[in-house]
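Work through the following exercises with the sequence and the structure side by side. Try each task before reading its solution.

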Amino acid sequence: MPDLTLSIAMGDYDRTRPIHDGRVKIDGVSPVTQLLSPEEMFFRAFRHQAFDISELSFSSYCVKVAQGDAPYIAVPVFLSRAFRHSSIYIRTDKGIEKPQDLKGKRIGIAEWQLTANVWARGILEGYGVHQSEIEWVRGGMHAPGRPEKIKVNVPDDVTITAAPEDKTLDGMLRAGEIDGYIGPRALNCFDEGHPQVGRLFADGITAASEHFERTGIFPIMHVLGIRRHLADTHPWLPGALLKAFTESKRMAETALADTSATKVTMPFVEDTLSAARRLIGPQIWTYGVPGNEKVLEAFVDIHHRQGLSPRRLSVEELFHPATFEAYSL
């Protein structure tokens with residue numbers, strides 16, 4: 001019986017390349033892989049269900065599950081994880097020195113429901129800054145206009161103002177027309193070293209490390225999704241994907257730890273890896289539900305509190321039942 005030919009959209013990461021280049025085979029699947037940016041694959045997946053298997057925004061996926069019309073069912077392959085203290089940018093000339101100073105300020109966002117923004121608002125909530133105390137300005141980062149990729153409901157006490165049609169968030173932050181910006185990518189003005197643009201947490205590593213020590217949470221950004229009808233028709237497929245992507249990640253971790261010749265274009269890899277292991281543990285980036293219950297429960301709780309899911313989702317309904325456990329020898 002021939003393997004299934006299935007399209008797979010995912011980012012170009014060390015943990016996905018063994019799938020893309022064929023070093024890791026997915027049992028029963030002949031993959032047609034596409035390495036895409038998160039913006040493109042999420043838009044195409046949620047607007048047009050363009051792929052059989054796709055990396056998905058965790059927040060967007062939870063919105064669709066809560067609405068009862070999710071075209072994909074998730075596998076607990078967490079292709080993107082990130083601490084989001086470094087995703088909060090500010091104008092340094094607006095008297096913002098601590099999180100509480102954001103109250104009453106105008107903060108730019110590309111989309112309300114972006115996973116990074118959900119986690120960042122959760123961080124601010126921990127400092128007593130509630131989403132209703134900020135005026136949110138939604139617009140395109142570097143091109144005017146950007147729609148929410150999926151329909152979301154915003155709580156009545158939250159104020160979201162559309163950026164002017166001819167303006168970008170980057171231009172508005174440069175001009176001081178907004179007081180800050182939250183998002184998974186930096187705006188060009190920050191990358192170019194604008195003298196009045198900085199991060200709320202100047203030392204993001206220390207802030208994130210202290211947060212992890214308090215909470216034990218290493219945030220999940222993206223999951224892997226399979227078209228529901230494919231998972232129903234081929235119940236072996238979710239487990240095969242979890243197995244293959246786990247092996248692909250293992251190969252990336254092995255390469256990262258081999259510092260005889262570093263595999264990434266960055267100095268101090270061994271020191272950074274050692275520091276991450278001291279903070280998080282020997283397994284710094286894990287897949288699967290077991291061991292990740294705390295971060296998953298935290299996210300569905302934050303997602304519900306922010307009004308993105310009208311009911312608090314359960315972890316059990318988010319992932320295909322065949323992926324909650326694996327065989328052992």
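**Exercise 1.** Which residue in E11 is the bridge partner of serine 80?

Solution. Keep in mind from the start that the model is a predicted one. Begin at serine 80 and look across to E11, where its bridge partner turns out to be histidine 222. Next, widen the view to the two strands as a whole: E4 and E11 run antiparallel and are joined by six bridges. Then turn to E3, which also pairs with E11 in the antiparallel sense, here over five bridges. In this pairing, serine 54 has glycine 225 of E11 as its bridge partner.

**Exercise 2.** Determine whether E11 is enclosed or open to the outside, and place it in its sheet.

Solution. First apply the cut-off, by which a residue is buried if its relative accessible area is under 20%. Eight of the eight residues of E11 are buried, so the strand is largely enclosed by the rest of the structure. Now read the order of the strands, which is E2-E1-E3-E11-E4 in an open sheet of five strands with mixed pairing. The edges are formed by E2, residues 29–35, and E4, each of which pairs on one side only. Averaged over this sheet, neighbouring strands are turned by 30 degrees against each other, direction ignored. At the E2 end of the order, E1 and E2 run parallel and are joined by seven bridges, and leucine 4 has valine 29 in E2 as its bridge partner.

**Exercise 3.** Explain why the buried residues of H2 line one face of the helix.

Solution. Start by finding the buried residues of H2, which covers residues 38–48: they are Met41, Phe42, Ala45 and Phe46. Seen down the axis of H2, these buried residues fall within an arc of 110 degrees, so they line one face of the helix. The next step is to ask what this face meets, and the buried residues pack against E1, E3, H3, E4 and E11. Just after H2, glutamine 49 takes a positive phi of about 45 degrees.

**Exercise 4.** Describe the six-stranded sheet and the setting of isoleucine 160 in E8.

Solution. Write down the strand order first: E8-E7-E6-E9-E5-E10, an open sheet with mixed pairing. E8 and E10 stand at the edges with a single partner strand each, so one side of each is left without a neighbour in the sheet. The twist averages 30 degrees from one strand to the next. Further in, E6 and E9 run parallel and are joined by two bridges, with glycine 108 opposite tyrosine 181 in E9. Helix H4, residues 115–126, packs on this sheet, touching E5, E6, E7 and E9, and its direction makes about 120 degrees with that of E9.

Now return to isoleucine 160, which is found in E8 and is partly exposed, with a relative accessible area of 30%. Leaving aside residues up to four places away in sequence, isoleucine 160 touches Trp112, Trp136, Arg138 and Val154.

Key
Residues are numbered from 1 along each chain as its sequence is written. This is a predicted model: local features need pLDDT of at least 70, side-chain atom pairs count only at pLDDT 80 or more; totals for chains, interfaces and linings use all residues. Side-chain values use heavy atoms; hydrogens and water are left out. Buried means under 20% relative accessible area, exposed over 50%, partly exposed in between (1.4 Å probe, protein chains only). Helices (H or I, at least four residues) and strands (E, at least two) are DSSP runs, numbered from the N terminus. The arc is that of the directions from the helix axis to the C-beta atoms. Contact means heavy atoms within 4.5 Å. Two strands pair if DSSP finds at least two bridges between them. Axes are lines fitted to C-alpha atoms, for helices over the stretch in contact, and angles run from 0 to 180 degrees between N-to-C directions.
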